[in-house]
Amino acid sequence: MSTSTATTPTPPPSAGLEASMAARRTPEQIKASRALLWRELLTSLWAPLVILGLAFIPYLVLIEFAPSSAGWAQPLMQYLALAMLIYFVGLLVWRTAFPKQQRLRHLRHEARELISEIERIHKRVPGKISAEVSTKLAEQALRVETASLAGDAARLEQETKTLDTQATQLLGAFRKQSAWDFVSGFAKALAIAVVIRVFIIEPYRIPSGSMLPTLEIGDQVFINKFIYGVRLPYTNYVPFVIVRPPARGDVIVFNNPVQPELDFIKRVVGIPGDSVELIDGEVHINGVPQSRTLVNDDLIVYNKHENMPWFPEHMRLYEENLDGKAHAVLQETPRARVQHEGPFVVPPGQVFVMGDNRENSLDSRYGLGAGRGVAFVPYGHIKGKAMVVWMALGYGGWFSNLFEGTGLRTDRLFEPVR
């Protein structure tokens with residue numbers, strides 16, 4: 001009877017450093033490496049932010065396409081945010097209490113970066129690195145990995161220095177060229193960030209009380225940049241609609257067409273072809289009154305002017321309905337300040353906007369702040385649709401006694417913009 005033993009095939013030198021290392025690892029090393037990788041990931045200060053971000057993406061989709069779900073989804077997101085904050089603080093305390101572990105983590109990071117650099121060189125010049133050089137580097141890299149798994153900081157530091165020296169001696173000019181990899185990698189990351197901000201999602205801070213009570217001063221909102229169509233950079237031109245055009249009831253951020261240096265946030269009340277009229281504060285669209293119901297005849301809201309302290313205002317709160325979209329609006333007294341406004345006929349390709357704080361908003365009725373009669377917002381000036389409050393630094397909340405009344409409003413975190 002003949003017996004045979006399984007041998008691990010030796011990969012060709014063109015396979016790369018990682019493949020050469022993988023061929024030499026034992027099952028126990030593979031298992032230990034995976035466990036260490038997960039431990040390093042979960043003890044990274046980025047871990048709480050990544051977990052929260054991964055949960056935030058489906059939350060945005062949910063509140064956009066199923067707004068009624070916000071009643072249960074928002075509290076879950078708030079609890080998750082609190083848990084991630086505790087997680088983050090716990091990691092900071094752990095790192096402070098165990099500096100040796102922090103040093104070991106730093107050394108492991110340096111070792112991984114060095115191994116990744118050598119791997120990139122293998123991929124960039126396939127076939128140009130001899131089998132002998134590839135084998136020598138792989139064996140030293142495994143010694144680095146073994147020291148890392150053992151948690152021996154002194155040994156890990158020494159083995160990493162040895163690998164660094166070998167890489168310089170054996171790879172020569174190839175390694176000098178790898179500096180370009182870092183530059184190109186940074187450029188790619190920057191390009192991705194720019195694409196996300198320009199075409200997908202962008203933050204916006206609420207600067208005034210014109211959208212009270214829907215949006216408060218200090219609210220930080222995310223705006224959906226692509227729902228109406230992506231504007232070409234440095235232009236006010238949208239070549240085509242992606243999801244749908246702006247609709248009545250949408251809260252939009254736009255570049256003010258009469259004051260281009262300013263961005264405004266208002267609610268779309270009229271779309272192309274609409275005749276918008278206000279009679280004693282009640283909106284009429286094409287002659288049809290839009291229902292509104294008094295909710296509170298003495299609501300206290302807090303407003304603030306630039307470089308001035310917070311001050312309370314007593315307002316009447318109504319729930320208004322535009323095309324089935326219910327939202328809150330404010331009025332100062334039982335009778336509107338201006339009894340009749342309009343009608344305003346919306347031109348093609350433009351929208352008519354108003355603030356929810358109806359008598360304290362420089363909107364389409366008042367030339368968007370220019371004071372020259374009615375002004376509409378062309379589609380090309382619309383940056384996107386406001387989706388959700390992701391941070392709120394407004395009146396009250398945490399630490400407000402330290403910052404003249406401004407604090408972290410945890411009750412408004414992840415509030416959908418309705």
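**Entry 1. Strand β14.** I began with β14 and strand β16 (residues 415-416), which run antiparallel and are joined by two bridges. Val389 stands opposite Glu415 in β16. For the terms: strands (E, at least two residues) and helices (H or I, at least four residues) are DSSP runs, numbered from the N terminus. Two strands count as paired if DSSP finds at least two bridges between them.

I noted that this is a predicted model, in which local features need pLDDT of at least 70 and side-chain atom pairs count only at pLDDT 80 or more, while totals for chains, interfaces and linings use all residues. Residues are numbered from 1 along each chain as its sequence is written, and side-chain values use heavy atoms, with hydrogens and water left out.

- Strand β3 (residues 251-255) runs antiparallel to β14 and is joined to it by three bridges; Phe254 is the bridge partner of Ile382.
- Strand β15 (residues 406-408) is antiparallel to β14 over three bridges, with Gly394 partnered by Gly407.

Buried means under 20% relative accessible area, exposed means over 50%, and partly exposed lies in between (1.4 Å probe, protein chains only). I also wrote down the general rule that strands of a sheet pair through backbone hydrogen bonds, either parallel or antiparallel.

**Entry 2. Strand β12.** Why is strand β12 (residues 350-354) described as largely enclosed? Four of its five residues are buried, so the rest of the structure largely encloses it. I listed two antiparallel partners. Strand β4 (residues 263-270) pairs with β12 over three bridges, and Arg267 stands opposite Met354. Strand β13 (residues 377-378) pairs with β12 over two bridges, and here Gln350 faces Pro378.

**Entry 3. An open sheet.** I traced an open sheet of four strands in the order β7-β6-β5-β11, with antiparallel pairing. Its edge strands, β7 (288-289) and β11 (340-345), each pair on one side only. Inside the sheet, β5 (residues 275-279) and β6 (residues 282-285) pair over four bridges, and Val276 stands opposite Ile285 in β6.

**Entry 4. Helix α6.** I checked the length of helix α6 (residues 131-150), which has 20 residues. From its first C-alpha to its last it reaches 28 Å, close to the 28 Å expected at 1.5 Å a residue; the expected span is 1.5 Å times one less than the number of residues. Just after α6, Gly151 takes a positive phi of about 75°.

The buried residues of α6 include Val133, Leu137, Ala141, Leu142 and Val144. Ser134, Gln140 and Glu145 are also among them. What do the buried residues of α6 pack against? I found α1 (17-24), α2 (27-42), α5 (99-124) and α7 (153-171).

I followed Leu137 further. Leaving out residues up to four places away in sequence, Leu137 touches Leu17, Ile118, His122, Leu163, Gln166, Ala167, Leu170 and Leu171. Contact means heavy atoms within 4.5 Å.

**Entry 5. Nonpolar cores.** The largest nonpolar core has 23 residues. A nonpolar core is a set of buried Ala, Val, Leu, Ile, Met, Phe, Trp, Tyr and Cys residues joined through side-chain atoms within 4.5 Å. Those with the most contacts inside it are Leu17, Met21, Ile118, Leu137, Leu156, Leu163 and Leu171. Elements α1, α5, α6 and α7 each give two or more residues to this core. Another core, of 16 residues, lies apart from it and includes Tyr59, Leu60, Ala73 and Phe222.

**Entry 6. The whole chain.** I counted up last. The protein chain has nine helices and 16 strands. Its C-alpha trace spans about 100 × 50 × 50 Å along the principal axes. The radius of gyration is 30 Å, whereas a compact globule of 418 residues would have one near 22 Å. That radius is taken over C-alpha atoms, and the globule rule is 2.2 Å times the number of residues to the power 0.38.

Buried residues make up 42% of the 418. Of the contacts with a separation of 6 or more, 63% are between residues 24 or more positions apart.
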